[in-house]
Amino acid sequence: MLFIFVFNLFFSIILFITQPKENKANRWMITFAMSAGIGALSESLLTDIIPNVKKIGIESASHILFTTHIYLQFLGEVISPYAILMYSIVYSKIVKGNKKKALTYMLSLPMFLMIFFTDFHPDININFRILLVWSAPYFLIASFIMYYTWRNEINVYQREQKFRVFIVLVPAWLGVFIFNYILRAINPQTELFRIVPMFFLGAYIFFIGYIFLNGAFGIKVKVEQQHVLDKSIKIMSEGTAILNHTIKNEISKIKFFFNIAQHSLENKDLDEAKKSIQSVFSAIEGIDNMVDRIRSKTEEIVLKETNFRLVSLIENCVNSTRSIFESKGIEIKTEFKSDNILHGDPILLREVINNILNNSMEAITESEGLIYIQILKTKNDGISIEVTDNGAGISKHELNRIMEPYFSTKKNIKNHGLGLSFCYNSIRAHNGELSVHSEVGKGTSVIIKLPKSRIIQTKV
């Protein structure tokens with residue numbers, strides 16, 4: 001049992017040192033690791049340390065250690081299920097803001113109630129049946145949340161990362177749940193809980209393997225400084241590629257509107273020429289704004305937040321591209337069932353919508369193309385932006401990879417494959433979700449969901 005405490009302590013120190021303070025999920029993982037560790041230490045005190053202290057003849061020390069064992073066991077048993085559930089909630093981000101804070105306090109209540117169902121003298125006697133009543137839902141709900149978070153992740157790399165976390169943690173804590181909680185509730189005298197170290201040993205083998213091979217919990221051991229250099233080069237390349245992607249989209253608009261302006265001037269239609277030149281300036285401003293956003297680190301998107309009207313933002317995107325789309329025989333329809341003032345980064349969201357519209361345009365190869373944009377209210381009082389086209393669609397194999405950086409379904413060498421990856425990261429930075437549904441020959445729908453916390457006002 002002592003090795004569980006040592007390894008859990010080692011694991012907690014790694015997480016504490018390597019992870020940023022902002023990573024609240026890992027705080028709960030540290031809490032779980034240490035609660036399991038002190039539970040193991042409690043058992044080790046009783047079976048190994050105290051008998052050896054008594055042999056030496058230090059009775060006062062053995063009495064203190066025995067008292068310590070009582071309270072450590074209680075803390076280990078009651079904190080573990082609570083820490084596991086809180087970790088899964090924070091890690092999955094299914095609850096945010098004040099609700100998460102309220103849930104933190106509410107879910108802790110059973111721990112304190114267990115004081116009234118536990119005898120502490122002369123030795124600890126926990127009522128495991130009462131403990132199982134609330135710990136069972138905690139363990140099972142946490143496991144389901146972790147599974148759901150992994151299976152519903154769209155980004156391929158994020159999904160692999162979440163699978164590693166799932167396979168390391170869930171089997172370990174389910175082993176603890178079965179052998180330490182269920183079996184002891186059935187028979188408090190059972191010794192089968194001593195099998196628990198085997199589950200932790202398996203988890204540590206997976207954990208160490210993933211650290212060296214792939215990385216887990218945001219940790220990756222780098223054995224050569226060249227890896228750091230390679231990563232820096234990749235970051236610079238991604239930044240350049242994202243900027244090139246934006247410029248490519250805007251240059252197409254600039255060429256189109258300059259052609260209209262030239263034609264209008266030849267026909268002495270100054271109003272049309274002026275309108276086209278204004279559209280050119282709008283495209284140039286879009287490039288200028290994105291240049292400001294490209295920093296030496298492109299892995300983290302930093303929001304410049306303000307309040308803006310979502311309908312106006314989308315209408316601006318549509319109006320700036322409608323002429324181009326109509327010239328290609330593509331009709332854009334809009335339906336706004338919700339009109340909201342949002343708090344977020346309008347420049348990034350405008351670039352996201354422009355990227356999606358551009359992808360839809362390039363996917364439509366037949367005449368009578370249609371792009372349909374909707375704003376809907378979601379069940380959890382958030383909002384959903386849905387962009388649907390009747391283009392060629394995407395195969396299932398490609399659909400699984402479209403969020404990967406540098407992957408593109410387009411054969412044009414000028415397409416860098418950064419568009420959807422950028423869109424995905426921008427929406428995630430807004431605490432939202434981006435998903436893509438497509439069928440070959442029928443078209444594609446891109447769905448953006450933004451949470452209720454982003455809505456400042458709903459216009460009636």
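Asn 431 lies in the loop between helix H13 (419-429) and strand E8 (433-439). Helices (H or I, at least four residues) and strands (E, at least two) are DSSP runs, numbered from the N terminus. Although Asn 431 is not a glycine, its phi is positive, at about 65 degrees.

A positive phi also occurs at Lys 93, a residue other than glycine, where the value is near 60 degrees. Lys 93 belongs to the loop between H3 and H4. A cis peptide bond runs from His 121 to Pro 122, with omega near 5 degrees, and Pro 122 sits in the loop between strand E1 (118-119) and strand E2 (125-126).

## Model and confidence

This is a predicted model, in which local features need pLDDT of at least 70, side-chain atom pairs count only at pLDDT 80 or more, and totals for chains, interfaces and linings use all residues. Residues are numbered from 1 along each chain as its sequence is written, and side-chain values use heavy atoms, with hydrogens and water left out.

The average pLDDT of the protein (the predictor's confidence in each residue, from 0 to 100) is 77, and 73% of the residues score at least 70. Residues 218-233 have pLDDT below 50, and this stretch has 17 contacts in the model beyond near neighbours in sequence; contact means heavy atoms within 4.5 Å. Over residues 411-418 the pLDDT stays under 50, and the model has 17 contacts for them beyond four places in sequence. Where pLDDT is low, the predicted coordinates should not be read in detail.

## Overall architecture

The protein contains 13 helices and ten strands. Of its 460 residues, 47% are buried. Among contacts with a separation of 6 or more, 72% join residues 24 or more positions apart.

## Nonpolar cores

A nonpolar core is a set of buried Ala, Val, Leu, Ile, Met, Phe, Trp, Tyr and Cys residues joined through side-chain atoms within 4.5 Å. The largest has 45 residues, of which Tyr 87, Ile 89, Leu 107, Leu 131, Met 146 and Trp 173 touch the most other members. Two or more residues of this core come from each of helix H2 (24-56), helix H3 (59-92), helix H4 (97-113), helix H5 (128-151) and H6. The greatest contribution is that of H3, with twelve residues. Apart from this core lies another, of 41 residues, among them Phe 308, Val 352, Ile 353 and Val 436.

Beyond four places in sequence, Leu 107 touches Tyr 82, Leu 85, Met 86, Ile 89 and Tyr 138.

Helix H3 includes both Leu 72 and Ile 64. Leu 72 counts as buried at 16% relative accessibility, whereas Ile 64 is exposed at 54%. Leu 72 touches Ile 38, Gly 39, Leu 41, Ser 42 and Leu 45, not counting residues up to four places away in sequence. Leu 72 and Leu 45 are 27 residues apart in sequence, and their C-alpha atoms are 9.8 Å apart. For Ile 64 and Ile 50, 14 residues apart along the chain, the C-alpha separation is 9.6 Å.

Lys 162 is located in helix H6 (residues 156-186) and is buried, at 10% relative accessibility. Not counting residues up to four places away in sequence, Lys 162 touches Tyr 91, Thr 149, Trp 150, Glu 153 and Arg 428.

## Aromatic pairs

The whole structure holds 13 aromatic pairs. Rings of Phe, Tyr and Trp (its six-membered ring) pair if their centres lie within 6.5 Å; planes under 30 degrees apart count as stacked, over 60 as edge-to-face and the rest as tilted. Trp 134 and Tyr 138 form an edge-to-face pair, 5.1 Å centre to centre with 75 degrees between the planes.

Both residues of this pair, Trp 134 and Tyr 138, lie in helix H5, four residues apart, about one turn of the helix. Trp 134 is buried at 10% relative accessibility, and Tyr 138 is buried at 8%. Elsewhere, Tyr 147, Trp 150, Phe 163 and Phe 166 form one aromatic cluster.

Definitions and conventions: Buried < 20%, exposed > 50% of the residue type's maximum accessible area, 1.4 Å probe, protein only.
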